[in-house]
Amino acid sequence: MLRIAINGYGRIGRSVLRALYEGDYRDQIKVVAINEPSDIDTMAYLTRYDTTHGRFPRPVSVSEQHLQIGEDLIPCFHAHHANDVDWSALNLDMLLECSGSFSERAGAEDFIAAGVPRVLMSQPASADVDATIVYGYNQSQIEQQHTVVSSASCTTNCVIPVLDVMQALCGVEHGTTQTVHSAMNDQPVIDAYHTKDLRLTRAALSSVIPVDTGLDRGITRLMPELSGKIGCSAMRVPTLNVSVIDMVLRTSRPVTVDEVNTALQDAAADKYAGLMGFTQEAHASVDFNHDPRSVIIDGTQTQVIDGRLVKLLCWFDNEWGYANRMLDVAKHWQRVLNT
Ligand SMILES: NC(=O)c1ccc[n+]([C@@H]2O[C@H](COP(=O)([O-])OP(=O)(O)OC[C@H]3O[C@@H](n4cnc5c(N)ncnc54)[C@H](OP(=O)(O)O)[C@@H]3O)[C@@H](O)[C@H]2O)c1
C-alpha cells in the first residue's frame with residue numbers, strides 16, 4: 001500500500017483525492033495526510049460540492065481535525081512551511097506537492113529535510129529535479145534512488161504523446177502550439193492586483209487573455225531533439241475546465257490527413273491506450289469535462305496543407321486528466337521501489 005500526503009488542496013489536490021476514490025486505486029494508495037492553509041470545514045465543503053466535477057461520490061464530513069470520507073479518516077494540517085508539519089510521524093512513502101508554491105527542487109528538499117522521503121511535483125519545476133515524467137512516454141526513467149520527480153504540466157502531458165506519434169510517422173522539423181486554457185485560480189473574477197503578471201490582473205470572465213507558458217521548456221526536457229523547434233503560446237478563456245491545444249507541425253515528409261489520423265487512432269488503441277483518445281464526432285470542450293485521458297485528438301479538425309504542414313486539435317481535461325496522471329506516476333514510482 002502506497003502511503004501519500006497531499007500538499008495544497010486546491011483544484012489539483014482535490015482532483016487527486018477524488019480520482020483516487022472514483023478510480024480503482026483505494027486498495028493501492030492511502031492518503032494519510034492533507035496540508036492546506038484553509039480551515040477543515042471549508043476543505044470538507046469544497047470536497048463535497050464541486051462546480052466543475054459535481055458532488056463527491058461518497059459521504060464527506062469533518063471529525064475533529066480529520067476529513068472523513070466514508071469510513072476513512074484523513075488527518076489535515078494547515079501549515080505554510082514544510083517544517084511546520086511532523087511528516088516523519090506519518091510513515092509516508094510520497095508527498096504529492098499540489099500547491100504550486102514550490103517550483104524549485106530546493107522547495108521539495110525542504111519537505112525531505114522535514115521527514116518526507118519523496119516528492120512528486122504537480123508542475124514542471126526546476127531542471128534539477130531527478131526526472132520529469134509524462135506517464136505513458138518516459139516513466140521508465142524513474143529510478144529507485146530518486147527523491148524529487150515532476151509530473152510535468154497538463155499541456156506537456158497533452159502534447160508529448162502526439163509529438164511522439166508524429167515523430168515516428170513522418171518526422172517533425174518544427175512547429176507551433178497554441179494552448180486555449182480554461183480559467184485558473186491565479187486569475188481574479190474582476191480586475192485585481194497581481195504581483196508578477198499584468199495580464200493576470202484582468203477579470204477572468206470578460207476576456208480572452210494571453211498568458212505565459214512553459215510548454216516549450218517541457219517539450220525540450222522530454223524530447224530534447226525538438227529543443228528550440230516548437231514555439232508555444234497560450235491564452236486563458238472564460239470556461240471552468242477543459243482546454244485544447246492547436247498544434248501546427250512541419251513534417252519531414254509529405255503526409256495525408258488519413259495517414260495522420262490513422263496513426264493517432266492506432267496509438268490511442270495501442271501504445272497510448274487509456275491515455276490518448278481519438279474522436280470524429282462534433283465536440284465542444286464541455287464534452288471532455290471529467291475525462292481522465294491526457295489528450296483526445298479531434299480527427300475532424302486534422303488538416304494537411306501542401307503535404308508537409310499538419311494542423312491538429314488536441315483536447316484535454318486540464319484538471320482531471322492531470323490528477324489521474326499524477327496517480328499513475330505515483331503508482332509507477334512505488335512499483336520501481338518494490339522491484
Ligand atoms: N489547475 C490545473 O488545471 C492544473 C493542471 C496541471 C498542473 N497544475 C499545477 O498544479 C499546481 C496547483 O494548481 P491548482 O490549479 O490546483 O491551484 P489552486 O486551485 O490555487 O490550489 C492550490 C492550493 O494550495 C494552497 N497552498 C498555497 N500555498 C501553500 C503551501 N505553502 N502549503 C500548502 N498549501 C498551499 C492554496 O491555498 P491559498 O489559496 O490559501 O494560497 C490552494 O488551496 C500549480 O503548480 C499548477 O500549475 C494545475
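## The ligand and its surroundings

In this predicted model, an oxygen atom of the ligand lies 2.9 Å from an N or O atom in the side chain of Asn-318, which makes a polar contact (a pair of N or O atoms within 3.5 Å; within protein, one must be able to donate a hydrogen and the other to accept it, and residues adjacent in sequence count only if both atoms are side-chain atoms). A ligand oxygen is also found 3.0 Å from an N or O atom in the side chain of Ser-122, while a nitrogen atom of the ligand is 2.9 Å from a polar backbone atom of His-80. There are 23 residues around the ligand, of which Ile-12, Glu-36, Ser-101, Asn-185 and Asn-318 come nearest, where a residue counts if one of its heavy atoms lies within 4 Å.

## The annotated residue

The UniProt annotation "active site", from an unreviewed entry, covers Cys-154; such annotations may be inferred rather than shown by experiment. Cys-154 belongs to helix α4, residues 154-170, helices being DSSP runs of H or I with at least four residues and strands runs of E with at least two, numbered from the N terminus. Leaving aside residues up to four places away in sequence, Cys-154 touches His-181, Phe-316, Asn-318 and Tyr-322, contact being heavy atoms within 4.5 Å.

## The nine-stranded sheet

Nine strands form an open sheet with mixed pairing, in the order β3-β4-β5-β2-β1-β6-β7-β9-β8; two strands pair if DSSP finds at least two bridges between them. Because β3 (60-63) and β8 (131-132) stand at the edges with a single partner strand each, one side of each has no neighbour in the sheet. Within this sheet, β4 (residues 66-69) and β5 (residues 72-77) run antiparallel and are joined by four bridges, with Leu-67 opposite Ile-74 in β5.

## Strands around β13

Strand β13 (residues 243-251) is joined by eight bridges to β10 (residues 172-182), and the two run antiparallel. β13 also pairs in the antiparallel sense with β17 (residues 309-316), over eight bridges. Ile-245 is the bridge partner of Thr-179 and stands opposite Cys-314 in β17.

## How to read the model

Residues are numbered from 1 along each chain as its sequence is written, and side-chain values use heavy atoms, with hydrogens and water left out. Local features need pLDDT of at least 70 and side-chain atom pairs count only at pLDDT 80 or more, whereas totals for chains, interfaces and linings use all residues.
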